[in-house]
Amino acid sequence: MKNIKLTIEYDGKDFGGWQKQPNKLNIQGNIERAIYEITGEEVELIGSGRTDAGVHSLGQVANFKTSTKIPVSKLAVAINSRLKKSIVIKKAEEVEEKFHSRYHCKRKTYRYIINNSKEGSAIYRYLEYHVPYKLNIEMMQKAAKFFEGEHDFTGFKASGTSSKSSIRTIYQAEVKQKGERIYIELTGNGFLYNMVRIIAGTLVEVGLEKIKPEEIPDIIKSKNRQKAGKTLPAHGLYLVCVDYEEE
């Protein structure tokens, strides 16, 4: 029995999220079905975590156990041949038996993309969030740094969060601008339900000069969801990578 680790890229637009669920197109179920079609085995695909409906991935990680005789070097191509074009297995590799994509995860990096042009984009409209008003990038960059460190992010989670603790550590929070696009990038040891999208929404409020950067620590300490910004739409969010080594 081999333990196979997959690195997965997907366009979340057409899916109801990562997790398998009845009557909704989902990424986990699609990949499990593709694996069944090439191996004849019903496997349990364990993801590093769930992504919501509409969220994209550049580097989701999942693992499954298999007895297939298909060489590991050919597994990615074989699985891709049975998948929708909006899901691509970028890499398949054999890992030690005890590897667990969710429990062994050390860090995740998410990216939120904002189109800050007046007109927006027809081509990329499902791949970024359009803000037509000029954002103050310097203030957003200053505000982002207040999110770094260990904090109780109760005020930055959506209702319905099942996590027992709201304490998370953000190792790096950056805001970058390239032309008309703004990239908000967060690396942390874990994220609450909608946490990245709410932090991004708060940084947009800072960019619009509705919230001052210096107010961020008090907003975090308040644990009051109403004081943070709105939850930005899912289609601007990307899971960039999942890391399993301590830095």
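Trainee: What should I know about the model before I start?

Mentor: It's a predicted model, so local features need pLDDT of at least 70 and side-chain atom pairs count only at pLDDT 80 or more, while totals for chains, interfaces and linings use all residues. Residues are numbered from 1 along each chain as its sequence is written, and side-chain values use heavy atoms, with hydrogens and water left out.

Trainee: How do I read a pocket, and what volume does the largest pocket have here?

Mentor: Rolling a probe the size of a water molecule over the atoms shows where empty space is left. On a 1 Å grid over the protein atoms alone, a pocket is an open set of points where a 1.4 Å probe fits, with protein on both sides within 12 Å along at least five of seven lines. Points are joined across faces, edges and corners, and the volume is the space filled by probe spheres set on them. Here the largest pocket comes out at about 1200 Å³.

Trainee: Which residues lie nearest the centre of the largest pocket?

Mentor: Those are G49, R50, T51, K108 and F191, out of 38 lining residues; lining means having an atom within 4 Å of a point. By class, the lining has 17 polar, 14 nonpolar and 7 charged residues. For those classes, Ala, Val, Leu, Ile, Met, Phe, Trp, Tyr, Cys and Pro are nonpolar, Asp, Glu, Lys and Arg are charged, and the others, Gly among them, are polar.

Trainee: Which element gives the most to that lining?

Mentor: Helix α4, with 3 residues. β2 (46-47), β5 (107-115) and α4 (195-207) each supply at least two. Helices (H or I, at least four residues) and strands (E, at least two) are DSSP runs, numbered from the N terminus.

Trainee: How do I read an aromatic pair, and how many does the structure hold?

Mentor: A pair of aromatic rings is described by the distance of the centres and the angle of the planes. Rings of Phe, Tyr and Trp (its six-membered ring) pair if their centres lie within 6.5 Å; planes under 30 degrees apart are stacked, over 60 edge-to-face, and the rest tilted. This structure holds 6 aromatic pairs. Take Y110 and F191: their ring centres are 5.3 Å apart with planes at 85 degrees, so the pair is edge-to-face. Y110 sits in strand β5 and F191 in the loop between β9 (181-188) and α4, so the pair ties together parts that are 81 residues apart in sequence. Elsewhere, F147, F153 and F156 form one aromatic cluster.

Trainee: Is Y110 buried or exposed?

Mentor: Buried means under 20% relative accessible area, exposed over 50%, and partly exposed in between (1.4 Å probe, protein chains only). Y110 has 9% relative accessibility, so it counts as buried.

Trainee: What is Y110 in contact with?

Mentor: Contact means heavy atoms within 4.5 Å. Leaving aside neighbours within four places in sequence, the contacts of Y110 include R50, T51, F191, V196 and Y238.

Trainee: And where is L127 found?

Mentor: In the loop between β5 and β6 (129-130). At 27% relative accessibility, L127 counts as partly exposed. Residues up to four places away in sequence not counted, L127 touches D11, H56, I113, H235, G236 and Y238.
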